[in-house]
Each structure stands twice: as structure tokens, then as C-alpha cells.
Amino acid sequence: MSFLLVLPILAPLTAAALAAVLGWRPLTASVTVVAALCVLVTGVILGFTNGSGVRFAIANLFRTDALSITMLIVIGTVGTLATWASVGYIDAELTHGHTDAKGANLYGVLVPVFLAAMASAVLANNIGVMWVAIEATTVATAFLVGHRRTRAALEATWKYVVICSVGIALAFLGTVLLYFASLHAGATSGDALNIDVLLAHASRLDPAVTSLAAGLLLLGYGAKAGLVPFHTWLADAHSQAPAPVSALMSGVLLSVAFYALLRVKSVVDLAVGTGFLRTGLIIVGLLTLLIAASLLVVQTDFKRMLAYSSMENMGLVAVAAAAGTKLAIAALLLHVLAHGIAKTLVFLGSGQLQAAHGSTRISDVTGVLARSRMVGVTFLVGLAILLGLPPFAMFASELSISRALADAHLGWVLGAALLLVVVAFAALVRNGSRMLLGPPTPGSPAIAVPRSVAAALVAGVVLSLLLGLTVGPMLQLFQTAATMLGGTR
Amino acid sequence: MSAATELPGLTATALQVVAVVAGAPFVVGGMRQVRARLEGRAGGGIGQPWRDLRKQLRKQQITPAGTTVVFGFAPAVVAGTTLLIAAILPLIALGSPLDSAADLFGVVGLLFLGTVALTLAGLDTGTAFGGMGSSREITIAALVEPTILLAVFALSVPGHSANLAAIVSATADHPGQLVSPGSLLAFVALAIVIIAETGRLPVDNPSTHLELTMIHEAMILEYAGPKLALVEWASGMRLTVLLGLVANLFLPWGVAGAHPSVLAVLIGLVAISAKVAVLAGVLATGEVFIAKLRYFRIPELLAGSFLLALLAVTASYFFATPT
Amino acid sequence: MTQATYNGVLNLAAGAFLLAAVLIVWRRELRSIVVLLAWQGLALAAIPVTEGIYHHDAALVIVGVVVLVLRAVILPLLLVRAVGTEPHERRESTPLVNTTTSLLITAALTVLAYAVTRPIIALDPSPATRAVPAAFAVILIAVFVMVSRRRALSQAVGFMMLDNGIAATAFLITAGVPLIVELGASLDVTFAVLVLGLLTGYMRATFGGTDLDQLRELRG
């Protein structure tokens, strides 16, 4: 069984090693897709077999419980879709000269390493190992963001590396302080950072030190999750990265960083009470929503628009985590999964639009629905999901989050959040309709869609429909995870 | 002569004042001589400032038209405050009769009083250079006074008293404190501010004749004759007194106790003379190798020394060794 | 090693550590601040080595030596090489905040650090923990340096100072975190510096300089 636990990490690493040796070619690209599929399949198998228990592996460094299985499924789904699309995307880039063989090789190696790092982060039982994994994702994605080597891409990479490194350094400080508190609560030095040990000793952790640690961790992991105040890298990095990487970063990486916050929250809530992080998350969440909604209104670049939409969703997720009830956490997890798939759809579509037009300005792109059935319809579906329209899953998740906020007596937070979500809704509708509907301007270039990208898009739509119509077996998983995180109501 | 005969504390204090009055021109002369020799000149000899003072005292008293009593009294105020400081500070012996008033804040206040008096005199002349010198001097003083306070306060934390005699005896009893971060930082900060306060390089060149580069000299440009002698004497005394303060704060050995015997007083006198001579020599040697800072860079230097003094205070508080 | 010596050396190391940070704020030339960073790495390495000797913990001494080699020798050398390739852009262009104000802000940050770390000292009043405010102050000063500098390399120095401060905190309050985490942290700082160095190279090739004010395309 412990082999199953480390498969999600080993499989992508093997794919990366293969790509390092053989370079970018159909074989290595397919192996990467298979590796991502392994992650997904492992998650599904563990979901069926794990139940509500917790399992450990490798000297208690790794764990599987409902929460990590959920995140594995998210990583696996988005990973499979993105790596599948990468095959055609990178080949198209090579043909059009946007990148060279070296760039493609680097891409082929870094993407599976990225997947392995994310899988390690969600499977880690030791908070220190989790931190190392999340730092590894920054290192892995640094050159992925700068893949195109343009001025804008370099600027984005610099901002990304600097801001996320500062954030992750603060998170490290928070981890050290938590270790300190844990040692003084009676844990032994070898496993003082293990989540189960921390949960067991939580009542004895010094409240003042733990609060300081929690604040630093909120700031630090919040930086990786695109929350205020370290959010300024998000729009740049997600808009400059190649489309499948943007999908992975927006769809999964932000959520993995937030997952780290959830794990910390379960410990901190027991040590200092729920009030501290609840206040922190509300402030951070609402500010993130405010900034994202404001900047969405004035957007002129569609990839940046999608990046700010991710930021808006992370703000909503933060507010939901602040509520902390069982319903809130379960809804949060559904939201994360649905958002991941939706973002993949829209980013892949926008990648093809960028390839066709050579620019990412909204005003340059018109009448997509008329020009390309594939890109137009899938982009429309993706936008519909992001807007929270039924029958897709984000309708249910946003409704549940609202209900949870009301139950937790956070009515004013709910009001503010709804207002900002409506603003974002309006901005997305306006820009989306401008791009998709209506007749295209004469002389618009044809939109080519490589086969693998098309396949990924179709698969994404099908998955979203399935998820929207029936949450099914996932519901049990979400509820188990929610109960584990301390939600009592 | 037996060492058991004890002298009243007043004697030691009087001896301190006399020594400062008599020795200050020699300190200035010594510094000039060291600088001259290092620069390859013959120099005027250590006694030259005394000869200059004698020459100026014999000259006619001239008062510029349009000046008020401020101009007239400023030299006396400067000299008076410096003499008072010389009496208060534990230079030769610890038990000054002014001990009850001899805390840190009193001394810094007296220093500042002297600075202000001279600044006002510079303004009183109504000339451009006087005003310029005064404004520069007060800018520097504004940054220097808090730093002196903080630096000496940092040294007072281990002894839990702001009384200078208490600080000196506490350092003499626990020499290990000198190597603590607080003391080291306080030393660097104090060195910088004393250079600034007494108008030495790199803040102010005492031997410049270019008016636009002057700070201290510009304020006293209009003085001549006996008043100039008094001002120059007072400047020399301030330098001596501050060097003596630094010497006794950081090298407190040789200072006589509260009720000293004749031998102890003599040892104290010799010790302080030696320490001040050495410090003056080191300062003069340093001056040979440093160029004057441009005026707008001085606040940077002083802000840095303020920060060092602040760090010294926090270091002393939080690194206090458990007893 | 006696208790008094242990206290003294630890205090000196922490004091020198903080002083190096203050001097990095004060000086503006790229070469001087990289040299100061190397000295700071030396002061940092002194902490685990002293603790290792006092507690008779050989592993801690070894970690200290590794830290010394990495943060006082290798990483500053990498940065010096990057500085050396800059032509006459040795001196930092006017920072965003002038030196006097920077120094006063540093003073305020130091006081803030002392205030914030009181619960840590309260939980474990040992000589090592009492030096934590200095390390925390270096962290705050490093964030300030990163925010207020224009040159890419100055920001890199600020980032390394941040990492030094966090490592110092880790060593002071817990005599190091578990080895795997320390290894991970060291690897990450190495990678980050390598990435930043490579990016600086690309930037010079693309922009013709490393003045971060030129990175102004992405707005809104």
C-alpha cells in the first residue's frame, strides 16, 4: 500500500528523468501524460479504499487522508488535461518558431517535476517536507513562466521568483516557530512537525508563539496562493506563461498553496481558537476579492483577466475557509476541483487564441464562436462554469459557501463577497461576450487547434458536465475531509 | 607620605577643573603637532596654542556694530558650561560634590547650552557666514544630542543608574561588559558624535580657511581679541572634556574612588592625562587619512550613528547576562 | 566552554549579524554590500558552531561549517561574479528611499522586532533565545531592503539576507530544525540565487541593464 502512496511522486519524476535524457519528443510527452494519469488514478483508488482513516508511509513523512486524496484528484485531473494539451501546444510552438528545442526540452523536464512537487506537498505528513515541496514548485515553475524569453516574460519571472521566494521564506519562518512551539509542547525533535503529532499536542502549544507562526504562515503561503498582500506576481506570471502551464498554475498550484494553509489552520484552530485565523482569512479574502474585482473591470488583456479571475476565486475560497463549517470546507473543495477544470478549459482556449492572433488583447479578438466551434464552445463553457452558472459545479459550490457563511453568522462578509463576485461576474460577461459573440472582424486569422489540445478541451467539458450533474462519490470524500479539518457543524 | 591621609572630594574636583583649563591648549597643540609631523611639516610645537592665547588676550577688545549682549556673553557661557562639565564628570576621581546633579542628562544639557550660545552669537552678527555656520551647527547638534544620550544610556543599563560616576565604577568592576555588543556599538556611536560635536574631520575641518566649508569657525569669524581667546579656549576644553569622558567610560582604570588619598588623586591625574593624550593622538592620526565629508552627507553619518546607539541600547537591555 | 563564554560569543555573533544588516542598508555600492553579506554569513555560521560546541553536538557543528561554506563563501562568490560583469554600473542608482530615512526606518524596524518576539523569549528564556530579536530584526530589514532597492543584484542580496535571518532564527530558537528541512532550505536558497543570477544575465541581454525600474511593461 505504501507504494501506492509514493506512486504519485515517483511517476512524474520518472517522466522527468526520461525527458531529461531523451529531450522533447512524442514518447516523452506521452509518458508525462501517463504519469499525470497515474496521479489521478491513484487518487481515485485511494479515494475508494481509504475511507475515513489516515494512512502513513516512509517513517511517517507521508500521509493519505480524505483531504490529500481530494487534492491528488485535483492535481491528477488538471495535470492530465494540461499535459495532454502540452503535446500539441509545444509542437505548434516549435513549428511556429516561438520556442526552440532547448526550450521544449526544458519544458518537458520541468512540467513533470512540477507535478511531482505538488503531489509531494499534498501527500506530506511533515509540515517541513510540505514546505520544501512548495518551494520546489516555485523553482520548477520559474523557468516555465519565462518559457517564451520575451521582455514581458522575463519581467514576470523576476517578479514571480522574488515575491514567491519572500513569501516562502516567511512561511519557513512560520514553520520554524511552529516547530519551536511544538518542541515546548512536548513533542520529540524528530517528529515535532508531523501533522498528527501537532494535532495531538495542539492544546499545549503556546498561544502567542503559535499566533505569530500562524500569521507568518498565512502571509507566506498566501503569497503562493495569490492572496493579498503578496499577490502582485499572479497576473504577470499567469499571463506570460505558456497556456498549459497557466492552467496548471491557476488551476492547481494556487489550490495546493491554500491546502497548506488548511492544514496549518487545523492545528492553529485547536491551539489558539478559531477566531485568529478566521479574522485573518476574512481580511485577506475580502481584500483579495476587492482587488481582483476592481482590476477585472479595467482589464484589456484576456490572459490577465483569467488570472484575476483565479485570484477572485482564491479570495472566495479564503472566505469560505474562514467560515470553517463542514459545509464550507466541503463546498470549498468542490469549488477548487471545478475551478481547476474550468480554468484549464479557458486557458487552453486562450492559448490557441494567442497563437492565432499573436497578441492577448481583448480588443483584437472578436467573434470566436463564429470562427472556431471548438475553441468558441469550450471557452464559453469554461466561462459559464467560472461565472457560477448551473448546471455546472461552481453554482452548487458558491451557493453552499453562501449558505455556510450565513450559518456561521458572517452575514456581512457574505454581503461584501457577493457584491464583489457580482462585479467580477459583470466584468467577465462583458469581456467574454465581446470576444465570443457577434460577427468576427474581417481579416481575423484562422484559429488552429492541435489535436491533443482539442482532445483535452473535450475531455474537460465532459468532466465538468459530469461533476456538475452529479457530485456522486466525491461528496463522501469532501465530507470526510471537512470533518477531519475540524468542522463541527 | 602615608596613603591614609584622605582629601575632601572638593580637592579632586578643583584639580580636575584646573587640569582641564591648563591642559586643553596642550591637547589641541598636541593634535596639531601630530598632524603636522605626519604630513611632513615641522609644526608649531605643542605650546603654540598657549602662545596664541597669550597673544590674543593682549589685543584690543573689538565688538562689531549691531551685535547685542548675546554676542558679548556667548564666550563666557560656553566657557562656563564647559568648566561646569569638567567639574561634574568623573575625570580624576569619582566623588564630585556635584554628584547628585551629575547624571547623563545634566551633562548633555550643559553641552547643548554651550552649543546654543555660540549658535546664537553667530546669528547675532548678522553676517551671511555667521548665519550659515549657525544653521549648519544646529542641524548637526539636533542629530548629535539624542545619539550622545542613547549611547551613554546604553552603557548605563548594566549598572542601572544614569549617574556617570556609577557608570564608570560599574564598568571598572565588570570589565567583561566592555566586549558586549551594547558597549561596542555605543563606543562607535560615541566616537562619531564626539567627532561631530567637537568639529573635527570628517565632519568639520578645524584648520580650514575657506568660509563656505566652515561650520564651527564660521560662527566665530567676527570674534577678535580676548573674546576669541575665550572661545578658542572653550572649544579646546570641550574637546578635552569629551575625550576624557570617552576615556573613562571605556577605560575606567586609574580613576580614584569617592574619598581618595593624595596618591590616588595623583595617579588619577596621570592616568587621565595619559588616556586623553593617547586618544587625541589617535584622533589626529585618523584625521590625516580622512577627507572631509560633503555637508549633505553628514546627516547620513549621524543618522547611522543614531541607529548604532539605538541598537546599543536594545542590545544592552536584551542581552543582559543573567546574574 | 563556560556559560559566560557561551553567552558572550552568542551575543557577539548576533550583534555582528545585525550590524552587518545595518551596514548593508547604509552602504550602496554593490561590491561592498556583497562583502558585507559574506561577513554576515560568517556571523551566522558562528551561531550553530558555538551552540554545537557548548552542547557537545557534533552534528550541529557540521551544519555550521556547511552554512559557513555556503553562505559566507559560495553564494557571495556567485554574487561577486555577477557584480563583476556589470560595467560601470557599480554604484547603486539612487535608492527609492534616501539613506538617512532608510537608517531611521531600520531603527524603527529593530524596535518592532523586539516587540514582536517577546512571546518567543517568554516561552523559553535561554541565552540563545534572547538573541532572537536581532535575527528577527534582520528579517524585517531584509524585506525593507528588497522593497527599497532598484538594482536586481541588490534585491538578490536582500533576499539572501532574509534567508540568513530566518536561518539564524531557526538556529537560535531550536538549535536547528530537522536535518531534512535544513537541507531543503539550503538547497532552495542555492537554487533561488542561481535562478536570480541566470535571470540577471537574461535581463542584461534583453534589457541592456539590470535596473528594475525598466521592468515596467506589465501593469494593471
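In the predicted model, B:P202 sits in the loop that connects α7 (181–197) and α8 (216–219) of chain B, where helices (H or I, at least four residues) and strands (E, at least two) are DSSP runs numbered from the N terminus. The peptide bond from B:L201 to B:P202 is cis, with omega near 0 degrees. The model is a predicted one, in which local features need pLDDT of at least 70 and side-chain atom pairs count only at pLDDT 80 or more, while totals for chains, interfaces and linings use all residues. Residues are numbered from 1 along each chain as its sequence is written, and chains are lettered from A and ligands numbered from 1 in the order in which they are written.

Chain B contains 11 helices and 0 strands. Its C-alpha trace spans about 60 × 50 × 45 Å along the principal axes. The radius of gyration of chain B, taken over C-alpha atoms, is 20 Å, which agrees with the value near 20 Å for a compact globule of 323 residues; the globule rule is 2.2 Å times the number of residues to the power 0.38. Of the 323 residues of chain B, 50% count as buried. A residue is buried if 20 or more other C-beta atoms, placed from the backbone, lie within 10 Å of its own, exposed if 12 or fewer, and partly exposed in between. Among contacts in chain B between residues at least 6 apart in sequence, 80% join residues at least 24 apart, a contact being two residues whose C-beta atoms, placed from the backbone, lie within 7 Å. B:T139, in helix α5 (residues 128–156) of chain B, counts as partly exposed because it has 15 C-beta neighbours inside 10 Å. The C-alpha atoms of B:T139 and B:I298 are separated by 9.6 Å, although the two residues are 159 apart along the chain.

In chain A, helices α12 (residues 302–323) and α17 (residues 411–436) pack at an angle of about 160 degrees, with their axes 11 Å apart. Axes are lines fitted to C-alpha atoms, for helices over the stretch in contact, and angles run from 0 to 180 degrees between N-to-C directions. The two helices α12(A) and α17(A) are therefore roughly antiparallel (over 145 degrees; under 35 is roughly parallel, 65 to 115 roughly perpendicular and the rest oblique). Residues in this contact include A:F302, A:M305 and A:L316 of α12(A) and A:V413, A:A417 and A:L428 of α17(A). By class, the contact of α12(A) with α17(A) has 10 nonpolar, 2 polar and 1 charged residues; Ala, Val, Leu, Ile, Met, Phe, Trp, Tyr, Cys and Pro count as nonpolar, Asp, Glu, Lys and Arg as charged, and the others, Gly among them, as polar.

Two histidines outside the helices have positive phi. A:H409, in the loop between α16 and α17 of chain A, has phi near 60 degrees and counts as exposed, with 10 C-beta neighbours inside 10 Å. C:H56 has phi of about 55 degrees and is found in the loop between α2 (30–55) and α3 (58–84) of chain C.

Between chains, 18 residues of chain C are in contact with 16 residues of chain B. The elements giving two or more residues to this side of chain C are α1 (3–26) and α4 (99–116).
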